[in-house]
Amino acid sequence: MQKQDPSHIMQVGFGFFGSKVLLTAVKLGLFTQLGERSMTGEELGSKLGLHKRGIYDFFDALVALHFLEREGDGPGAKYKNTESTSTFLDQAQPSYIGGIFEMANDRLFRFWNNLEPALKTGVRQNEVKHGNQPFFETLYNEPLRLEQFIAAMRGVSAGNFSALAEKFNFSKYKTLCDVGGSSGVLSSLVAKRYPHIQCQSFDLPIVEPIARKYIERDGKSDQVEAVSGDFFKGPLPRADVITMGMILHDWNLEDKMRLIHSAYQALPDGGAFIVIESLIDDVRRENAFGLMMSLNMLIEFGDAFDYSFADFKGWCEKVGFKRFELLHLAGPYSAGIAYK
């Protein structure tokens, strides 16, 4: 009989150790503080305002987790960013994705402590549980906070949207509408690759000026227009391609079907409806991130959930879509495509 090894169980069971080490480093601005420099533990600890008791355990844990590199050993050793943390976790870089981890540290980490009651009740476990307004309602009432959130989502979404622009053939389409377009990054990335296509980034009125600023910064105002509206009130703008990036999973099945129906109505024959999500594999055995993201939707919204490509195809067939395609993008993310 083969000897059993509990390593995987131990790694997952104490996975919150490593998660909190990384999230805290991002929150402290550690990777930004390092930038392109290297520092001793005392120098870096002093910059971050840390007590001497924890600095070497903290920094060396980040080395062991491959988020920092260390030159030498002992007190004189110097710490520096890895290639990945320099690219993605230094706020000075345009590729920064740390904003989403700041939100995970400040909000999601503590809410996930309530996974058990979420599973037993089906009720959201976020701010509402403590008698406060839902996060997203308060977010839209605070323009500065909203802009910070949009910047965070832009950073974490850009890789998948760039992969979509590269892998999906937009050449035969003339117009695109990105529903829930936020900063307009998907539209701008498609426009950069396909100079002939005209795009609209569609979101709530308060988001429009933020999107317009990003579109101008991207130099794509000639191809991308920020337009406002509510996708649950009235029809969507008509376009040859309708996209929804990390939108459909925010809703229950009834609202999902409303959005799919709206997309179908806005498309011409031959048009394409594209969703970008951490689509769960059809047999629900492999995409652990997609499954855990669906649990996160339970914690955030209660009845919202992530889904598989088979689910997406079944819903779209009920509305009238005829042909379907699954396109892997990056990491656990894929595009589900339905053709009218």
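Q: How many bridges join strand E7 (residues 241-245) to E8, and do the two run parallel or antiparallel?
A: Two strands count as paired if DSSP finds at least two bridges between them, and the elements themselves are DSSP runs numbered from the N terminus, with helices (H or I) of at least four residues and strands (E) of at least two. Here E7 and E8 run parallel and are joined by 5 bridges, and Met244 stands opposite Val275 in E8. This is a predicted model, in which local features need pLDDT of at least 70 and side-chain atom pairs count only at pLDDT 80 or more, while totals for chains, interfaces and linings use all residues. Residues are numbered from 1 along each chain as its sequence is written, and side-chain values use heavy atoms, with hydrogens and water left out.

Q: Which residues of E8 point one way, and which the other?
A: In a regular strand the side chains alternate between the two faces of the sheet. In E8, Ala272, Ile274 and Ile276 point one way, whereas Phe273, Val275 and Glu277 point the other way. Strand E8 (residues 272-277) is mostly covered, since 6 of its 6 residues are buried, where buried means under 20% relative accessible area, exposed means over 50% and partly exposed lies in between (1.4 Å probe, protein chains only).

Q: In what order do the 7 strands of the open sheet lie?
A: The order is E6-E5-E4-E7-E8-E10-E9, and the pairing is mixed. Strand E6 (224-228) and strand E9 (323-328) are the edge strands, each of which pairs on one side only. From one strand to the next the twist averages 20 degrees, the angles being taken from 0 to 180 degrees between N-to-C directions of axes, which are lines fitted to C-alpha atoms, for helices over the stretch in contact.

Q: Which strand is joined to E8 by 6 bridges?
A: That strand is E10 (residues 334-339), which runs antiparallel to E8, and the bridge partner of Ile276 in E10 is Ala335. H10 packs on the sheet and touches E7, E8, E9 and E10, with a direction at about 145 degrees to that of E8; contact here means heavy atoms within 4.5 Å. Helix H11 (residues 185-193) also packs on the sheet, touching strand E4 (175-179), strand E5 (198-203), E6, E7 and E8, and its direction makes about 155 degrees with that of E4.

Q: At roughly what angle do the axes of helix H10 (residues 143-167) and helix H12 (residues 208-217) cross?
A: The two axes come within 11 Å and cross at roughly 45 degrees. That makes H10 oblique to H12, because angles under 35 degrees count as roughly parallel, over 145 as roughly antiparallel, 65 to 115 as roughly perpendicular and the rest as oblique. On the H10 side the contact is made by Leu146, Glu147, Ile150, Ala151 and Arg154, and on the H12 side by Ile210, Lys213 and Tyr214. By class, this contact of H10 with H12 has 5 nonpolar, no polar and 3 charged residues, where Ala, Val, Leu, Ile, Met, Phe, Trp, Tyr, Cys and Pro count as nonpolar, Asp, Glu, Lys and Arg as charged, and the others, Gly among them, as polar.

Q: Which residues of H13 and H15 meet?
A: The axes of helix H13 (residues 253-266) and helix H15 (residues 309-319) come within 10 Å and cross at roughly 55 degrees, so H13 and H15 are oblique to each other. Leu253, Lys256, Met257, Ile260, His261 and Tyr264 in H13 meet Trp315, Cys316, Lys318 and Val319 in H15. The residues of this contact divide into 7 nonpolar, 1 polar and 2 charged.

Q: What order do the strands of the open sheet of 3 strands have?
A: The order is E1-E3-E2, with antiparallel pairing, and the edge strands are E1 and E2, each pairing on one side only. The twist of this sheet averages 35 degrees from one strand to the next. Helix H4 (residues 41-48) packs on the sheet, touching E1 and E3, and its direction makes about 95 degrees with that of E1. H5 packs on the sheet as well, touching E2 and E3, with a direction at about 110 degrees to that of E2.

Q: How many bridges join E1 to E3, and how many join E2 to E3?
A: Strand E1 (residues 38-40) and strand E3 (residues 78-81) are joined by 3 bridges, and Thr40 stands opposite Lys78 in E3. E2 and E3 are joined by 4 bridges and run antiparallel, and the bridge partner of Glu71 in E3 is Lys78. E2 and E3 form a hairpin with 6 residues between them, and Gly72 in the turn has a positive phi of about 90 degrees.

Q: Where is His66 placed, and is His66 buried or exposed?
A: His66 lies in the loop between helix H5 (52-64) and strand E2 (68-71), and it has a positive phi of about 70 degrees although it is not a glycine. His66 counts as exposed, at 64% relative accessibility. Arg284, a residue other than glycine, also has a positive phi, near 55 degrees, and Arg284 lies in the loop between E8 and helix H14 (288-301).
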